[in-house]
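I opened this entry to look up a loop first, then the cores. My notes follow the order of looking.

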Amino acid sequence: MSNIMENSITPVIETFWKYIQENNIEIYNEFSLQHELGIYLRNKLPEYKIQFERNVTFFQDKMSNFQTVEKYIKHEIDITIFNYELTECYAIELKYPRNGQYPESMYSFIKDIKFMEQLKESGFKKTYCITVVDKESKPFYKGQKTDGIYQYFRDNKNITGKIYKPTGKNKIIHYIDIENNYDIKWREKLDKWMIYTIEI
């Protein structure tokens, strides 16, 4: 399996959706997604450690470009994959919003992308953002409003540069600066979810 890891773990992630369908595994919130994906990766990648909620400080002595902790937009990594020498590290951030707070959730999706950019710049080989929404939660991926934060998730607007906070009194001064370019490509999964995966 290491030959896959040298390039991308995207193929491994893709087989996860088929696995949960074939084994009738229920994914009902973000924690269950994190738990089940982590277990699956642990079985598929036995030569790597798979850990949950690792703080970025765990990797600071092994990363040549590690920044001061305060510079990271987040500190806890949903899933980390690394070899025992910590010379090969991967990170995954997950989102499965269920509360219908669409613009706030969309901004948190952007925050994950920035966090994964920061880890990649610090020395992680690959980082990933995986977002799952219920198919019935259409405002995440379609709707009449296609400006502001909505344009990136409903109208395939390229995610790059300054993305401003969509809500709050001081939203005009709060933004996340995305270094590279990303397109959200929603795909239907198992006839009940819409998902996208971004590889940084």
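Helices (H or I, at least four residues) and strands (E, at least two) are DSSP runs, numbered from the N terminus. With that set, I found Thr 87 in the loop between β2 and β3.

The model is predicted, so I noted that local features need pLDDT of at least 70, side-chain atom pairs count only at pLDDT 80 or more, and totals for chains, interfaces and linings use all residues. Residues are numbered from 1 along each chain as its sequence is written, and side-chain values use heavy atoms, with hydrogens and water left out.

**The loop**

I checked burial (buried is under 20% relative accessible area, exposed over 50%, partly exposed in between; 1.4 Å probe, protein chains only). Thr 87 counts as exposed because its relative accessibility is 60%. Its C-alpha atom is 8.8 Å from that of Phe 124, 37 residues apart along the chain.

Glu 88 sits in the loop between β2 and β3. Glu 88 is buried but has no salt bridge (a side-chain nitrogen of Lys or Arg within 4 Å of a carboxyl oxygen of Asp or Glu). The nearest side chain of opposite charge is Lys 125, 5.8 Å away.

**The cores**

I then looked at nonpolar cores (buried Ala, Val, Leu, Ile, Met, Phe, Trp, Tyr and Cys residues joined through side-chain atoms within 4.5 Å). The largest has 39 residues, and Ile 159 is among those with the most contacts inside it. α4 gives the most to this core, eight residues. A second, separate core has 26 residues, including Leu 41 and Tyr 90.

Technical notes: Lys and Arg count as positive and Asp and Glu as negative; His and the chain ends are not counted.
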